[in-house]
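Dear colleague,

I am handing over the structure below, which you have not worked with before.

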Amino acid sequence: DDTGGLSPRLSGPLSFTSHEEEEDEEDEENEEEDGVGEELGEPLQATGEAAGVEDGGRCWGLWAGEARAAAPWGGDPSNEWGPAAERPGGSLLTRQLQELWRKSRGSLVPQRLLFEVTSASVVSDRSSKYVLYTIYLIRSGRFDKAPAAITRRYSDFERLNRRLRCRFGCDMAGIAFPRKRLRRNFTAETIAKRSRAFEQFLSHLHSIAEIRRSPEFLEFFFLQDLRAAQRLTCTGMYREALATWANAYRLQDRLGVCSSGRFLLTLAGLAVCHQELDELGEAHSCCEQALQLLEAQGSHPLLGPFLQAHVHLAWKVGKDKRRSEARLQDLREAGPPLHQQPTLKECLIKEPLE
């Protein structure tokens, strides 16, 4: 069985959507993701940093319970207002407690990225049947109002595992991966075991610096969103594209890759969609963030388009545009005419996402 390396925690906020638990034996020939296979790794060795995140949900629960016990009003310490704010003269005390909470939160709890499978649904189509897992990326010690989430199936995890073992054979030798099964792939017990195994798999990968910085690992999380957002933007579905660009932004933020070319492309997508939806203030903010990232770079394919968009948006919303105009003038003197450069939207459409 595939229980090797799996912690005994099978409970938690995991929900299942399946109306055909016992039909997997009939559909095993049509199932794309599961079949007879072999274990691809040794049992997970929870050492070092991985040991601290192996049971992410339980660690978070214990920490949150301790923090609530320490909160002076006995409630959620991350809450913006407590009973003190309801009493006359209580606002100052509340602000002091909030500041104390922010400082202690950063000093007492190490920042880790936790991976939690929050739901799993059985999907059937004409040719196959598979389980779709929803994974949240959660930063410990911090409340995320808008969590970053992905949905992946077993074959996606298997592809990531195979690619990483080809490149990082030694590092991957001690990392377990749930084996393929012949039967009972869609029962709640099997799905729960795989969900926890996937959590530990991702946590262990993230604990190894070389792996968590690798294109294989990073693209597993946000490349699908970038492709989907690009397609939606090209077809004019800006509201749907905006939500997908925003999730890609949060994923890259959680993974700590906010200075890459993909992140700049994400900011371009957000700026274009906000502008098309007449949300000019938000579009202007995206351009400003991108230009801050490009500050130290002498030249970049997106610098000119971002500067032109920023000047236009700053004029629309009544913000200062002199610095961007000066940088545009420097670009005019150093390179080809700006009218030959593509717009931010054209850059999005032409950018290949392999």
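**The core**

The largest nonpolar core has 72 residues, and those that touch the most other members are Phe201, Leu202, Leu205, Phe221, Leu255, Phe306 and Leu344. At least three residues of this core come from each of domain 1 (110-213) and domain 2 (219-353). Please keep in mind as you read on that this is a predicted model.

**The strands**

Strand β2, which covers residues 113-124, pairs with strand β3, which covers residues 129-139, in the antiparallel sense and over 11 bridges. The two strands, β2 and β3, form a hairpin, and four residues lie between them. Within this pairing, Glu116 stands opposite Tyr136 of β3, and Val123 stands opposite Tyr130 of β3. On the pairing of β3 with β4, the two strands run antiparallel and are joined by six bridges, with Tyr133 standing opposite Arg152 in β4. Because eight of its 11 residues are buried, β3 is largely enclosed by the rest of the structure.

The loop between β3 and β4 holds Pro147, which is partly exposed, with a relative accessible area of 28%. Leaving out residues up to four places away in sequence, Pro147 touches Tyr136, Asn247, Arg250 and Arg254. For one of these, the separation in sequence and the distance in space can be set side by side: Pro147 and Arg250 are 103 residues apart in sequence, while their C-alpha atoms are 7.4 Å apart in space.

**Helix α11 and what covers it**

Helix α11 (residues 238-255) has 18 residues, which at 1.5 Å a residue should span 26 Å, and the distance of 25 Å between its end C-alpha atoms agrees with this. Which residues of α11 are buried? They are Tyr238, Ala241, Leu242, Thr244, Trp245, Asn247, Ala248, Leu251, Gln252, Arg254 and Leu255. The elements that cover these buried residues of α11 include the strands β2, β3 and β4 (148-153), together with the helices α10 (215-234), α12 (261-276) and α16 (344-350). After α11 comes Gly256, whose phi is positive, near 75 degrees.

Gln224 has its place in helix α10 and counts as partly exposed, at 37% relative accessibility. Not counting residues up to four places away in sequence, Gln224 touches Thr151, Arg152, Asp156 and Glu219. Between Gln224 and Thr244 there are 9.7 Å in space, C-alpha to C-alpha, and the two are 20 residues apart in sequence.

**Residues with a positive phi**

Most residues other than glycine have a negative phi. Against that background, Arg184, although it is not a glycine, has a positive phi of about 55 degrees. Arg184 is found in the loop between α7 (169-172) and α8 (188-206), where it is partly exposed, with a relative accessible area of 33%. Asp278 is likewise not a glycine, yet has a positive phi, of about 65 degrees. The loop that holds Asp278 lies between α12 and α13 (280-293), and at 61% relative accessibility Asp278 counts as exposed.

**The cysteines**

How many disulfides does the structure hold? The number is zero. Cys286, for instance, is in no disulfide, and the nearest cysteine sulfur, which belongs to Cys287, is 7.0 Å away. Is Cys286 buried or exposed? Cys286 is buried, because its relative accessible area is 10% and the limit for buried is under 20%. Cys166, on the other hand, counts as exposed, at 67% relative accessibility.

With kind regards

Note on methods. Residues numbered from 1 in each chain as written. Predicted model: local features only at pLDDT ≥ 70, side-chain atom pairs only at ≥ 80, totals over all residues. Heavy atoms only, no water. Core = buried A, V, L, I, M, F, W, Y, C linked by side-chain atoms within 4.5 Å. Buried < 20%, exposed > 50% of the residue type's maximum accessible area, 1.4 Å probe, protein only. Domains from an automatic or database assignment. Pairing = 2+ DSSP bridges. Disulfide = S-S within 2.5 Å. Expected span 1.5 Å × (residues − 1). Contact = heavy atoms within 4.5 Å.
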